[in-house]
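Dear colleague,

Please find below the structure I promised to pass on to you. My notes on it follow directly after it.

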Amino acid sequence: MNWRKWVALGVAGIVAVVAISLFPSTETTPRHNAGQPSAPTPAQEKNLKHSMLKQDMVATERMSRLDAKGHLKSLSVELGKLTTEKQKNYITNLQKDHKHFQSISWLDLSSGKEQKLDRPQFKPSAEEKKELHTYLSFARKALSQSKSYESPAFPENDPKYFVAAQPISNHKQGVIAVMDAGILNRVKDHQNKNLRLIPYPKEGKYKVESINADTHRDMTVKTGHDNENASHYYENEIVVTFEREPSAFEMKQIQSELKCKPARKIASTYIFHSDDKNMEQMKQYFISKWKPKYVEPHYLYMTNETDGLDIGTTSTEIPNDLLFAEYQWNLPIIETNRGWNVTKGSNDVIVAVVDTGVDLNHPDLQGRLLKGYNAIDESAKPMDDVGHGTHVAGIIAANVNNHEGIAGMMWGGKILPVKALDDSGSGTSYSVAQGIIWAADHGAKVINMSLGNYADANFLHEAVKYAFDRDIVLIAATGNDNTERPGYPAAYPEVLSVSATDSNLGKASFSNYGDYVDVVAPGESIASTYPDNQYAALSGTSMASPHVAALAALIRSINPDLKNTEVMDIIRKNVIDLGDVGRDKYFGYGQIDVYATLQAAGGAGSPLQFWPQYFQQKINRTLEGK
């Protein structure tokens, strides 16, 4: 990497210095060539993950306060223009869409009159009311002096609320809000699972069993650290692909002998569920009697939440989104701002997010979401009931320059929400495969999969190959167990695998690694959208993967003629080299560089290394009359 790139990286990093300073690190200088990180013990790894969880919660609380302050400022301006009745209607509508505004009061400071609107669900306990009364009195006093106010979160041991106040511009009125701080516990629960700080999924739920990914022998996951050796499956189900399609008579015979209902099917692969036989018994039955092409457990998949630039002529674009300057360190560090000078994305490019669904009502995602699909319940919308998919979608395509929340990496482009994981944040090889195939059949140009398991499931691999053969770029997270064990679907050759880095360009402590890693992207305390019109900071390779998915979509925006293999190759070749020189198991080829990649992909025409293919495609299109 030449000196001009380092200078450019430093210039871009100035934008992020405030955000980076919020995320403590034991290192004082960037580790561009950190070499091989030492492997922590299980106890050290647990402590590192707990520190990461606390970091995410601190960043989330700060973002919640900044977001609330922004809304209160807007509210104070609007209320100053309205009559009393219209003020009430305005606040009612705000609380309907922003459920974390539990109570809003507006005061006439000259007369001392105060009106209040509480959400029906706002029912603090007697002890909470005492603390609330104290903070409300502080808020009123601040407003009488034309000052804003914020209380600490309370109760101290189990934070549920905080109070914020803002004077109205005429200084004769003011507004006070009691904000719900419950998002902190939601982030805590989310990250306990995402970072595998607890055994996940719980043994026994949906009759889930765990096996050692190497030996396939039964094991029990007792601690979060055990997850790195475990794969999970449904104990009463089996996945079977036949060499020859069974006839209707043969299917009835199987149902009778297994005492099962009609199987679910994708292509020539079936999933059988038996009420009185376990997976091993069914496996022996099919192998001995039907000689299938392959037979395997019905696995469970879970969320996996780091030459020449002309810096004199290429400016960095700074969006006005409320949380960008202070919290989105991740975008400048991968040269996203400068990449926007090359392309901001095209609405012709669709990115499928195969995940827990997406909050379809989030204001920062409005206009960016297509109808989508729910593989868990085909009759329902792909609404996110976990938060993971909403966070991933925001990293890719949250609205930019709207004075709201965060900036996504794509100004243009559409998200196709595919709910393949249920309300526990996990899904089966069937639901994930079904989601991938549906996305491939409904216009996806890029598919992001922030999920994984350590089992190499043929069934899932067939779905991946189905999408790959349709020229789709597939991106997947490697996992959060700090293990070298390959995770799937990330380790499939058709998939671009992504591990995570921190704000110092070092390997994120939780990030999986290995020879199969292609590239790395930021994955620590990443700010993004969260359900109920909120924002959260989450850590994980789940957060790194959508950075690369967005980059692939930007490439397909500027040069739609590139094949998926060419898109993947150009991402690998235009990186910031980290660790050992060249490709290594901790950073793959290196950290993505959005600006350099987009330049190579066609910022000034077709990339030189793909010129023969590009020229031939142009000739073919001309001959076909396109």
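Is Ser424 buried or exposed? With a relative accessible area of 8%, Ser424 is buried, the limit for that term being under 20%. Please bear in mind that this is a predicted model.

Ser424 is found in the loop that runs between strand E14 (414–419) and strand E15 (426–428). Its side chain makes a polar contact with the side chain of Asp422 at 2.6 Å, and another polar contact, at 2.7 Å, with the side chain of Ser426.

Turning to charged side chains, the count of salt bridges comes to 19. I describe some of them here.

The side chains of Arg140 and Glu114 meet in a salt bridge, with 2.9 Å from N to O. Arg140 belongs to helix H4 (residues 126–144) and Glu114 to strand E2 (residues 113–118), so this pair ties together parts that are 26 residues apart in sequence. Arg140 counts as partly exposed, at 29% relative accessibility, and Glu114 also counts as partly exposed, at 34%.

Helix H4 also holds a pair within itself: Lys130 and Glu127 are 3 residues apart there, separated by about one helical turn. Their side chains meet in a salt bridge of 3.6 Å, N to O. As a general point, an α-helix has 3.6 residues a turn, so residues three or four places apart point the same way. Lys130 is exposed, with a relative accessible area of 55%, and Glu127 is exposed as well, with 53%.

Arg186 forms a salt bridge with Asp532, and the closest N and O atoms of the two are 3.3 Å apart. Arg186 is partly exposed, its relative accessible area being 30%, while the value for Asp532 is 29%, which is likewise partly exposed.

Finally, I draw your attention to helix H15, which spans residues 564–573 and is mostly covered. Of its 10 residues, 7 are buried. These buried residues of H15 are Asn564, Glu566, Val567, Met568, Ile570, Ile571 and Arg572.

With kind regards

Key
Residues are numbered from 1 along each chain as its sequence is written. This is a predicted model: local features need pLDDT of at least 70, side-chain atom pairs count only at pLDDT 80 or more; totals for chains, interfaces and linings use all residues. Side-chain values use heavy atoms; hydrogens and water are left out. Buried means under 20% relative accessible area, exposed over 50%, partly exposed in between (1.4 Å probe, protein chains only). Helices (H or I, at least four residues) and strands (E, at least two) are DSSP runs, numbered from the N terminus. A salt bridge is a side-chain nitrogen of Lys or Arg within 4 Å of a carboxyl oxygen of Asp or Glu. A polar contact is a pair of N or O atoms within 3.5 Å; within protein, one must be able to donate a hydrogen and the other to accept it, and residues adjacent in sequence count only if both atoms are side-chain atoms.
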